[in-house]
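This report looks at a few residues in one protein model. Please have the sequence and the 3D view at hand while reading.

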Amino acid sequence: MTRKLTLGKKERLKSRKAIEQLFKEGRRFTVLSFRVFYLITAGTGLKFGTGVGTRNFKKAVDRNRIKRLSREAWRLQKSSLQKELEDKKAGLHIFLIYTGKEMVEYRFVFENLTTIINKLAELVHENNTPHS
């Protein structure tokens, strides 16, 4: 049975507490113009958030477009990471920040998210000690 490729309300990282904990206790890495913050949790589930700084993009229209492209690329590719998390019985909170200075095309975002998801899957596979 195939899964629906959705990014529902329960899959979005919105809680201020959870985001603060992610930035304080989580780890990070960078892939080209994306800084990725992640925290492996004890519970199950995959939560995702994205942001774009106002320093490089003054117009909300531009920031929202990059966030929309990021969410769409994530929605289409997250299933492999979800499968890895289910196998490990772990949870993962992820927050992407776009740090580039120029507007991007969808293909660029999609390819970078492929790299990010593969790296996260490796990290989840290697890590057996989730944070509480």
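The model is predicted.

**A patch of charge**

On the surface, Lys9, Lys10, Arg12 and Lys14 come together in a patch of positive charge. One of them, Arg12, lies in the segment before helix 1 (16-25). Arg12 has a relative accessible area of 30% and is partly exposed.

**A histidine in strand 4**

His93 belongs to strand 4, which covers residues 91-98. Is His93 buried or exposed? His93 counts as buried because its relative accessible area is 14%, and the cut-off for buried is under 20%. Apart from neighbours within four places in sequence, the contacts of His93 are Leu13, Ala18, Leu22, Phe37, Tyr38, Leu39, Thr41 and Lys47.

Most residues other than glycine have a negative phi. Leu32 has a positive phi, although Leu32 is not glycine. Lys89, also a residue other than glycine, has a positive phi too. Where is Leu32 found? Leu32 sits in the loop between strand 1 (27-31) and strand 2 (34-41). Lys89 sits in the loop between helix 3 (79-88) and strand 4. The table lists the values for these residues.

| Residue | Phi | Relative accessible area |
|---|---|---|
| Leu32 | near 45 degrees | 64%, exposed |
| Lys89 | near 55 degrees | 63%, exposed |

Leu32 is called exposed because its relative accessible area is 64%, with the cut-off for exposed at over 50%. Lys89, at 63%, is therefore exposed as well.

Key
Residues are numbered from 1 along each chain as its sequence is written. This is a predicted model: local features need pLDDT of at least 70, side-chain atom pairs count only at pLDDT 80 or more; totals for chains, interfaces and linings use all residues. Side-chain values use heavy atoms; hydrogens and water are left out. Patches are made of residues with over 30% relative accessible area and no salt bridge: like charges are joined within 9 Å, nonpolar side chains (Val, Leu, Ile, Met, Phe, Trp, Tyr) within 5 Å. Accessible areas come from the Shrake-Rupley method with a 1.4 Å probe; for residues, only the protein chains shown count as cover. A salt bridge is a side-chain nitrogen of Lys or Arg within 4 Å of a carboxyl oxygen of Asp or Glu. Lys and Arg count as positive and Asp and Glu as negative; His and the chain ends are not counted. The place of a charge is taken as NZ of Lys, CZ of Arg, CG of Asp or CD of Glu. Helices (H or I, at least four residues) and strands (E, at least two) are DSSP runs, numbered from the N terminus. Buried means under 20% relative accessible area, exposed over 50%, partly exposed in between (1.4 Å probe, protein chains only). Contact means heavy atoms within 4.5 Å.
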